[in-house]
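Hi everyone, thanks for coming. Have a look at the screen while I bring up the model, and then I'll walk you through two parts of it.

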Number of protein chains: 2
Amino acid sequence: MNDKIARFLDERRPATPCLVLDLDVVEENYRALADALPESRIYYAVKANPAPEILRLLVSLGSSFDTASVNEIEMCLAAGATADRVSYGNTIKKEADIARAHALGVRLFAFDSVAELEKIARAAPGARVFCRILTSGEGAEWPLSRKFGCDPEMARGLLLQAAAMGVEPYGVSFHVGSQQKDLSQWDGALAQTALLFKELEAQGVTLRMVNLGGGFPTRYRSDVPSPAAYGHAIDEALRRHFGNRIPETIIEPGRGMVGNAGVIQSEVVLISRKSANDNRRWVYLDIGKFGGLAETMDEAIQYSITTERAGRAEPVILAGPTCDSADVLYERADYRLPTDLKIGDRITIHGAGAYTTTYASVAFNGFEPLRQYCI
Amino acid sequence: MNDKIARFLDERRPATPCLVLDLDVVEENYRALADALPESRIYYAVKANPAPEILRLLVSLGSSFDTASVNEIEMCLAAGATADRVSYGNTIKKEADIARAHALGVRLFAFDSVAELEKIARAAPGARVFCRILTSGEGAEWPLSRKFGCDPEMARGLLLQAAAMGVEPYGVSFHVGSQQKDLSQWDGALAQTALLFKELEAQGVTLRMVNLGGGFPTRYRSDVPSPAAYGHAIDEALRRHFGNRIPETIIEPGRGMVGNAGVIQSEVVLISRKSANDNRRWVYLDIGKFGGLAETMDEAIQYSITTERAGRAEPVILAGPTCDSADVLYERADYRLPTDLKIGDRITIHGAGAYTTTYASVAFNGFEPLRQYCI
């Protein structure tokens, strides 16, 4: 935790659980990503953390925005973004929502199926569209299902049809998987994308844009490559596959923009053992799977968790405060906490700026959603 | 869906997604459970669905309430319950919350560890306490972890200490696992409980109450035993293990009280395939894992899902509307929907009255939490 957040927690002693997010770190991340990929436009993935303070900061820094719903579009506009800086990146949209976004001035839409393309053509005539293709997602820590994207062959057919339907076939997108630590994943996806560009060119359709998606990681329990390393790998892959005809590119960082900017302050509610000879303590926190730590599902995202105690660290099972037996955070992952840990102690969960506040449930078990302080 | 709900949907055409819950069904469930276990007091597990209309109805029917937090206690009191009808059943409580509950008049508290017992003794002197023991949970559809309960040996030691600490050792609780369809599970748990009663009696501590927990199922895709069958199995097990000294018993139905009272109305947002030769359609709904269907986690709870179309049913993958690749509802479970299903069609998700509204995320992807109509 940095000094600014530590000072805030010290002076304000906010009730726990809460998320404290340092806007200066968001700014650093924005600049690091912009430096690493100077030719790419940055579309912040609003879903990672839509706090108005974050959106206003990113507007002032020149960012664009990747949105998942009309509500998110309206939040961006309210924060001062112009509609030409907003992409409606969800491939699953109600036609009424497309029409609404179009009426608000949004002109860039994602699709991955003929039905979605038809909806866009009807509700947002003249818009620019990009088709999302399926990639493997190997190496990503958050599971990438086959939910989004279509195979490149289908993408080709749809992008060929687009112009006749009254929209502009603008580009291709992919996503290598969230918290992607394998830099070579972009190379494979860009090889597929470049082939698609060539095939379409041969059939008279010139695409202009590659949406490189997100996947930029934040540091949890182990180190991750730097933005510069990602920039270098992506730049090399672009040159390898597109030669001297590199298209416009955009990136959609979410976790990589805000993850390490936030820490969750929590409190130990209970420490117990299940029997006299139980070899692991159970440590129950005042935040769990339904209060903001949804990404601990299947122990996928493993946050770094610290306390101020200095005792010898011994294995624990970590769980949340609700009456739900599924609300266990970490049981298989090897978490250790000091033997002198006490009920009432503060616990710090690092790298928690992304996918926490809005994942929190409305009021499960009567617990309030996670409070956030942007400082 | 019953006629009352069908009429409401027909006349009001509420925006989707929404949950419509028939209070008459809740009343029927309450009466069926009361008839099935006439000697037991019913403590409704508020976390299943804390709608004020449900709480007020159950107050009027004479129900008591099992609560997980001070907020839930306050909701029960606001609905007209007196504090002597409220149990603070969470074994993980902040000491300040115990004190708050005590100040509100609550006198019945759960624990499963020495540290929790100490907190209760300090913050709620004189209260009745019951110790939760670990049971296996085999046969339950929702995973039962080792999160709650301690082994009976530890329970015995703690209940022995309780009186000296200034609280009343009142009973034992267990939970056979949510959506438990194996009636024999209560027998095993009651055998353990009766042994504990006897051992403590021999050491001078007479317990008065067995909390039989929840686990009473609701019908999803397949039939479940009737409340009467549960009542019969539990009654037999009580006689077998306690003979003619049957203690007070309480039950904590949640899912069994409200599950089948509610249906979710949803809309098909998109139907697509991932390639020309994809053999399964993807059907995307306007509700998903983060909008109320959290219990589809690992495809654990399998809702019955219907449409008004009559075409031949063919396999589908069902997914939610968010930009999260984990927001897939059913991929391995064999779900089928009519081949003539269209985008914009209404979809009905049955048995959705429990663990949906409050599980919904605050605003993930900018989508609003699930709306509920109690009729």
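Let's begin with a term: two strands pair if DSSP finds at least two bridges between them. Helices (H or I, at least four residues) and strands (E, at least two) are DSSP runs, numbered from the N terminus. This is a predicted model, where local features need pLDDT of at least 70 and side-chain atom pairs count only at pLDDT 80 or more, while totals for chains, interfaces and linings use all residues. Residues are numbered from 1 along each chain as its sequence is written, and chains are lettered from A and ligands numbered from 1 in the order in which they are written.

So, chain B. How many bridges join β2(B) and β9(B)? Three, in the parallel sense, and one pair of bridge partners is Ser40(B) with Thr249(B). β2(B) also pairs with β3(B), again parallel over three bridges, and there Tyr44(B) has Phe65(B) as its partner. Between β2(B) and β3(B) the chain passes through helix α3 of chain B, residues 52–61, in a right-handed β-α-β crossover (with the strands pointing away from the viewer, the path from the first strand over the helix to the second runs clockwise).

Over to chain A. Its domain assignment gives domain 1 (24–257) and domain 2 (260–374); such bounds come from an automatic or database assignment. Their C-alpha centres lie 33 Å apart. Domain 1 of chain A puts 19 residues into the contact and domain 2 of chain A puts in 16, with contact meaning C-beta atoms, placed from the backbone, within 7 Å. On the domain 1 side, α2(A) gives the most, with three residues.

Conventions. Two residues are in contact if their C-beta atoms, placed from the backbone, lie within 7 Å.
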